[in-house]
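Here is a brisk report on a single chain. It covers a pocket, a sheet, a helix and some single residues.

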Amino acid sequence: MTEEPETHPKIPLAEGFLRSFVRWLVIGVVLLWSLAALILLATRWIDPPSTAVHIQRHLQAWIHNTPYHERYKFIPLGQISRDLQHAVVAAEDARFYQHHGFDWHEVQIAAEDDLEGNRTRGGSTITQQLVKNLFFGTGRSILRKGAEFTLVPVAELVLGKRRILEIYLNVVEWGPGIYGAESACHYYDGTAARNVGREQAARLAAILPAPLKRRPERMNNYSVLILERMRHMGW
């Protein structure tokens, strides 16, 4: 009696290709995430020479063939006036020193505003904005949000609040080609970041949500609100 040769079910070519593609896609995502986490760890000691937003603006200027001049100078947090630090925190993330990367209360308020069709604020914290600036630029997508969600706790863990604020204040976009507090203060007020007072600081912080459209001298109402927030927070 002869034995039947053992047969194995054959995997269709398309299914095999799909499995291989998914496997390599997952490996690629893990490698990219690991690289981003290592970069965050490195920025604990190394000041970022550029960010995704800086690169994005360069590319946009090149594509549209428009002139572009970048102003970017990284300075220690101690050389940025306390008034400017406080104004930015009051304007962008009032619970910055209380949360661990996500402010769920602000997220809830933003979601309720969305449902009512009357959104007046975002739910992003300074840590979230920093991660977005460093790695993702200004674009929006579900994938970007997912990656950001996983990297924010890493930033909080390896950098700490002081370093997060220091990097954010130095890399954030403050106008066309203007990045960081030092460049912004020189451009708008003709002075160093260490010399900026309360009212100047509030006007500068007021343009951060839309830095390509707003100018400090036009921010009368919002700067008054920021000053009120600063007083309420004991600053």
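## Pocket lining

Helices α1 (13-42) and α6 (142-171) each supply at least two residues to the lining of the second largest pocket. Helices (H or I, at least four residues) and strands (E, at least two) are DSSP runs, numbered from the N terminus. The model is predicted: local features need pLDDT of at least 70, side-chain atom pairs count only at pLDDT 80 or more, and totals for chains, interfaces and linings use all residues. Residues are numbered from 1 along each chain as its sequence is written, and side-chain values use heavy atoms, with hydrogens and water left out.

Helix α1 gives the most to this lining, with 6 residues. The lining consists of V29, L32, W33, L35, A36, I39, F135, F136, L143, A147 and L151. It divides into 11 nonpolar residues, no polar and no charged. Here Ala, Val, Leu, Ile, Met, Phe, Trp, Tyr, Cys and Pro count as nonpolar, Asp, Glu, Lys and Arg as charged, and the others, Gly among them, as polar. The space in the second largest pocket is about 370 Å³. On a 1 Å grid over the protein atoms alone, a pocket is an open set of points where a 1.4 Å probe fits, with protein on both sides within 12 Å along at least five of seven lines; lining residues have an atom within 4 Å of a point. A volume is the space filled by probe spheres set on the points, which are joined across faces, edges and corners.

## Sheet

An open sheet holds 3 strands in the order β1-β3-β2, with mixed pairing. β1 (71-72) and β2 (173-175) stand at the edges with a single partner strand each, so one side of each has no neighbour in the sheet. β2 pairs with β3 (residues 178-179) in the antiparallel sense, over 2 bridges. Two strands pair if DSSP finds at least two bridges between them. The bridge partner of E173 in β3 is Y179.

## Helix α7

The buried residues of α7 are A181, E182, S183, A184, C185 and Y188. Their cover includes β1, α3 (82-92), α6, β2, β3 and α8 (198-206). S183 lies in α7 (residues 181-189). Leaving out residues up to four places away in sequence, S183 touches R71, Y72, K73 and I178. Contact means heavy atoms within 4.5 Å. Just after α7, G190 takes a positive phi of about 65°.

## Accessibility and single residues

Buried means under 20% relative accessible area, exposed over 50%, and partly exposed in between (1.4 Å probe, protein chains only).

| Residue | Relative accessibility | Class |
|---|---|---|
| S183 | 9% | buried |
| F96 | 0% | buried |
| Y97 | 44% | partly exposed |
| P48 | 7% | buried |
| N65 | 70% | exposed |

P48 sits in the loop between α1 and α2 (52-63). P48 and I167 are 119 residues apart in sequence, yet 7.9 Å apart in space, C-alpha to C-alpha. Beyond four places in sequence, P48 touches T43, Y72, F74, L134, I167 and V171.

N65 is in the loop between α2 and β1. Its phi is positive, about 55°, although N65 is not a glycine. Most residues other than glycine have a negative phi.

The whole structure has 4 aromatic pairs. The rings of F96 and Y97 have centres 4.9 Å apart and planes at 70°, so this pair is edge-to-face. Rings of Phe, Tyr and Trp (its six-membered ring) pair if their centres lie within 6.5 Å; planes under 30 degrees apart count as stacked, over 60 as edge-to-face and the rest as tilted.
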